Amino acid sequence: MDLERLLPVRQSVTSVMDVVKVRRQGLEMALELGFPTPEATKIAVVISELGRNIVLYTKGGLINLIAYTGERKGIKIIAQDQGPGIDNVEQVLEGGYTSSNGMGLGISGSRRIMDEFEVKSVAGVGTKITGVKWLR
Amino acid sequence: METSTIQKLENLLLVSVPRDLMDDEVLRLRRQVVREIRKYHSRWVMLDFSAVDICDSFFGRFIQSTADMVGLMGADVIVSGLQDAVVETMIELGMTLENIRAVLDLDDALALSRTVQRTEMYTQGMKALNGHDIDWDNGWDALDMDSLHRDTHAIAEV
């Protein structure tokens, strides 16, 4: 497998259909990088959670997936939107908090799954969530 | 986009859950399940997840809300066919589901539903038996066997 050919994915997200599409692209990218199926599944679920948040709380956003194909292999997920922002990031990262009828697991669960996870959010400007999972 | 199918088997409703469930499909599927429970007097709803390879918290919410609705209809949900990777992801994500039984496959689901049915019939039978004022001193002669037969027959038809 020529990993150099793993192109980054750039998907605009405005509907669940977009989420389904981008999480499947993420699953395939992770499998091609050599992640075992359970790890690739977790990466796909993180993409799904971040995508669903965009659909649920904003008018639309963007999800980028970048493959690290060098010596250290991994996958980077960047989800950004111009929504209202998360005004209690700490609480959301802790888990169990939800402003919709969700389980409140999306962000906190995603942080647990990823090796690196960062939430930048500014009220009225938007949110950018970056996560990296390394292949071990 | 795959559509879900619902089939009746004994006192089970078999629901094959599609791989990528859209929001409107969730609503439709849940309503259909509730309708079919009423139609067939189903005791169990088996959600077959063998086609599902990505299960996020939205999906978890679907399982839980379906189980809650099914519970109000007097039935129970059995989840079956969860893939290894899906199970691992659900746990790591922190998903917990309440009042839901899980089995490996359809064979196990059938075995479970039959066992529970037998237990429930036995319990009902004992209740019916106790309802008949038995005079144990005079043995079985005192028991109105005709009405007992009628009752147990009625139970067997339930």
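**Figure 1. Overview of chain B in the predicted model.** Of the 158 residues that make up chain B, 42% count as buried. The structure shown here is a predicted model. Chain B contains five helices and five strands. Followed from the N terminus, its elements come in the order β-β-α-β-α-β-α-β-α-α. When contacts in chain B with a separation of 6 or more are considered, 70% of them involve residues 24 or more positions apart.

Figure 2. B:H41 belongs to the loop between helix 1 (23–40) and strand 3 (44–48) of chain B. Although B:H41 is not a glycine, its phi is positive, at about 55 degrees. Is the residue B:H41 buried or exposed? B:H41 counts as exposed because its relative accessibility is 69%, and the term exposed applies to values over 50%.

**Figure 3. Close-up of B:N99, a loop residue of chain B.** The loop that holds B:N99 lies between helix 3 (84–93) and strand 5 (101–103) of chain B. B:N99 has a phi near 55 degrees, which is a positive value in a residue other than glycine. With a relative accessible area of 69%, B:N99 is exposed.

**Figure 4. Overview of chain A.** Chain A has four helices and five strands. Along the sequence, these elements of chain A follow the pattern β-α-α-β-β-α-α-β-β. Chain A consists of 136 residues, of which 52% count as buried. Among the contacts in chain A that link residues at least 6 apart in sequence, 59% join residues at least 24 apart. The accessible surface of chain A is about 6700 Å², and 50% of that surface belongs to carbon and sulfur atoms.

**Figure 5. Packing of helix 1 against helix 2 in chain A.** Helix 1 (residues 16–33) of chain A packs against helix 2 of chain A at an angle of about 155 degrees, and the two axes are 8 Å apart. Helix 1 of chain A is therefore roughly antiparallel to helix 2 of chain A, a description used for angles over 145 degrees. The crossing of helix 1 of chain A with helix 2 of chain A is right-handed. On the side of helix 1 of chain A, the residues in contact are A:V16, A:V19, A:V22, A:R23, A:G26, A:L27, A:A30 and A:L31. Their partners in helix 2 of chain A are A:T37, A:A40, A:T41, A:I43, A:A44, A:I47, A:S48, A:G51, A:R52 and A:V55. The residues of this contact between helix 1 and helix 2 of chain A comprise eleven nonpolar, five polar and two charged.

**Figure 6. Packing of helix 2 against helix 4 in chain A.** At what angle do the axes of helix 2 and helix 4 of chain A cross? The axes of helix 2 (residues 37–57) of chain A and helix 4 (residues 106–113) of chain A cross at roughly 150 degrees and come within 9 Å. As a result of this angle, helix 2 of chain A is roughly antiparallel to helix 4 of chain A. Helix 2 of chain A and helix 4 of chain A form a left-handed crossing. Helix 2 of chain A contributes A:K42, A:V46, A:E49, A:L50 and A:N53, which meet A:G106, A:I107, A:S110 and A:I113 of helix 4 of chain A. Four nonpolar, three polar and two charged residues take part in this contact of helix 2 with helix 4 of chain A.

Figure 7. A:V89 is part of helix 3 (residues 89–94) of chain A. A:V89 counts as buried because its relative accessibility is 19%, and the limit for buried residues is under 20%. Residues up to four places away in sequence being left aside, A:V89 touches A:V119 and A:S121. The C-alpha atoms of A:V89 and A:I107 are 9.4 Å apart in space, while the two residues are 18 residues apart in sequence.

Figure 8. A:G126 is located in strand 5 (residues 126–134) of chain A. Its relative accessibility is 10%, so A:G126 counts as buried. Which residues does A:G126 touch, not counting those up to four places away in sequence? They are A:D81, A:Q82, A:G83, A:G85, A:K120 and A:S121. From C-alpha to C-alpha, A:G126 and A:P84 are 5.8 Å apart in space, although 42 residues apart in sequence.

Terms used
Residues are numbered from 1 along each chain as its sequence is written. Chains are lettered from A and ligands numbered from 1 in the order in which they are written. This is a predicted model: local features need pLDDT of at least 70, side-chain atom pairs count only at pLDDT 80 or more; totals for chains, interfaces and linings use all residues. Side-chain values use heavy atoms; hydrogens and water are left out. Axes are lines fitted to C-alpha atoms, for helices over the stretch in contact, and angles run from 0 to 180 degrees between N-to-C directions. Helices (H or I, at least four residues) and strands (E, at least two) are DSSP runs, numbered from the N terminus. Angles under 35 degrees count as roughly parallel, over 145 as roughly antiparallel, 65 to 115 as roughly perpendicular and the rest as oblique. A crossing is left-handed if the near helix is turned anticlockwise from the far one by less than a right angle, and right-handed if clockwise. Contact means heavy atoms within 4.5 Å. Ala, Val, Leu, Ile, Met, Phe, Trp, Tyr, Cys and Pro count as nonpolar, Asp, Glu, Lys and Arg as charged, and the others, Gly among them, as polar. Buried means under 20% relative accessible area, exposed over 50%, partly exposed in between (1.4 Å probe, protein chains only). Accessible areas come from the Shrake-Rupley method with a 1.4 Å probe; for residues, only the protein chains shown count as cover.
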